[in-house]
Amino acid sequence: MHVLVLTGSHRRHSNSSALAEKFIEGATTAGHQVKRFDCALHNIGGCLGCNFCKKGDGSCCQKDDFALVRQDILDADVIVFASPIYYYGLSAQLKAVIDRFYAIDEKIHGHKHVYLLLSYADTALSTADASETHVRAFCQYLDWNVKGVVRAHSLTAENDIQGRPELENAYAMGLNLAR
Ligand SMILES: Cc1cc2nc3c(=O)[nH]c(=O)nc-3n(C[C@H](O)[C@H](O)[C@H](O)COP(=O)(O)O)c2cc1C
């Protein structure tokens with residue numbers, strides 16, 4: 001399967017990106033084709049709501065790095081969202097990419113599986129509720145199937161996640177991708 005991993009952290013030794021890496025390791029071991037796109041390391045503006053994309057061929061009026069990931073979103077059988085939790089939601093850089101789905105909205109409905117990998121500082125598992133609810137809501141709208149969620153709590157500094165069992169959970173999800 002074609003797997004696209006969208007990460008949301010800008011940090012070099014990011015906890016959520018470590019989850020993404022483990023997922024990728026598992027999926028690659030299982031023979032899937034995996035691409036990773038680090039949203040925070042690219043220049044992608046938020047949707048302007050101008051509807052330029054609805055008038056033409058679906059291209060955006062903003063000529064930025066979304067063009068680099070657009071085709072991979074269309075081609076993906078599986079999309080992985082890996083993000084730190086910022087104020088109970090996904091990072092703004094990842095959300096900007098999600099909002100830009102608007103330009104290809106009609107083309108991406110249906111037939112995708114989704115995995116959500118979250119890291120955050122709070123000790124309570126429930127801190128991830130709002131982020132997961134949000135992702136489940138837009139996936140329901142797009143008719144995408146949320147197949148797995150990893151919530152890695154109590155992580156503050158870079159690399160805090162080393163040695164944590166959630167890494168193995170992410171690896172197992174990648175390894176066991178099902179159609
Ligand atoms: C702007 C900002 C907002 C944050 N908001 C929350 C929050 O609402 N809840 C929480 O538990 N942690 C919050 N955190 C902590 C991060 O989610 C946590 O450090 C996470 O593990 C970082 O992931 P990363 O290493 O992948 O960047 C916030 C951190 C920043 C910088």
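These legends walk you through several close-up views of a predicted model. Residues are numbered from 1 along each chain as its sequence is written. Because the model is predicted, local features need pLDDT of at least 70 and side-chain atom pairs count only at pLDDT 80 or more, while totals for chains, interfaces and linings use all residues.

**View A. The shell around the ligand.** Here you see the 19 residues around the ligand, of which Ser9, Ser14, Ser16, Pro84 and Asp122 come nearest; a residue is near a molecule if its C-beta atom, placed from the backbone, lies within 6 Å of it. Eight residues of the shell are nonpolar, eight polar and three charged (Ala, Val, Leu, Ile, Met, Phe, Trp, Tyr, Cys and Pro count as nonpolar, Asp, Glu, Lys and Arg as charged, and the others, Gly among them, as polar). Helix α1 (residues 15–29) gives the most to this shell, with three residues. Helices (H or I, at least four residues) and strands (E, at least two) are DSSP runs, numbered from the N terminus.

**View B. The largest nonpolar core.** This core has 47 residues, and those with the most contacts inside it are Val5, Leu6, Leu19, Phe23, Val80, Phe81 and Leu117. Its largest share, six residues, comes from α1. A nonpolar core is a set of buried Ala, Val, Leu, Ile, Met, Phe, Trp, Tyr and Cys residues joined through C-beta atoms within 7 Å. A residue is buried if 20 or more other C-beta atoms lie within 10 Å of its own, exposed if 12 or fewer, and partly exposed in between, with C-beta atoms placed from the backbone.

**View C. The surroundings of Leu117.** Leaving aside neighbours within four places in sequence, Leu117 is in contact with Ser16, Leu19, Ala20, Phe23, Val80, Ala82, Val150 and Ala170 (contact: C-beta atoms, placed from the backbone, within 7 Å).

**View D. The buried face of α4.** Gln93, Leu94, Ala96 and Val97 are the buried residues of α4. Seen down the helix axis, they fall within an arc of 155 degrees, so they line one face of α4; the arc is that of the directions from the helix axis to the C-beta atoms. These buried residues pack against β1, α3 and β3.

**View E. Two loop residues with positive phi.** Asn51, in the loop between β2 (33–38) and α2 (52–55), has a phi near 65 degrees. Asn51 is exposed, with 11 other C-beta atoms within 10 Å. In the loop between β3 and α4, Tyr88 has a positive phi of about 70 degrees although it is not a glycine. Tyr88 is partly exposed, with 13 other C-beta atoms within 10 Å.

Conventions: Two residues are in contact if their C-beta atoms, placed from the backbone, lie within 7 Å.
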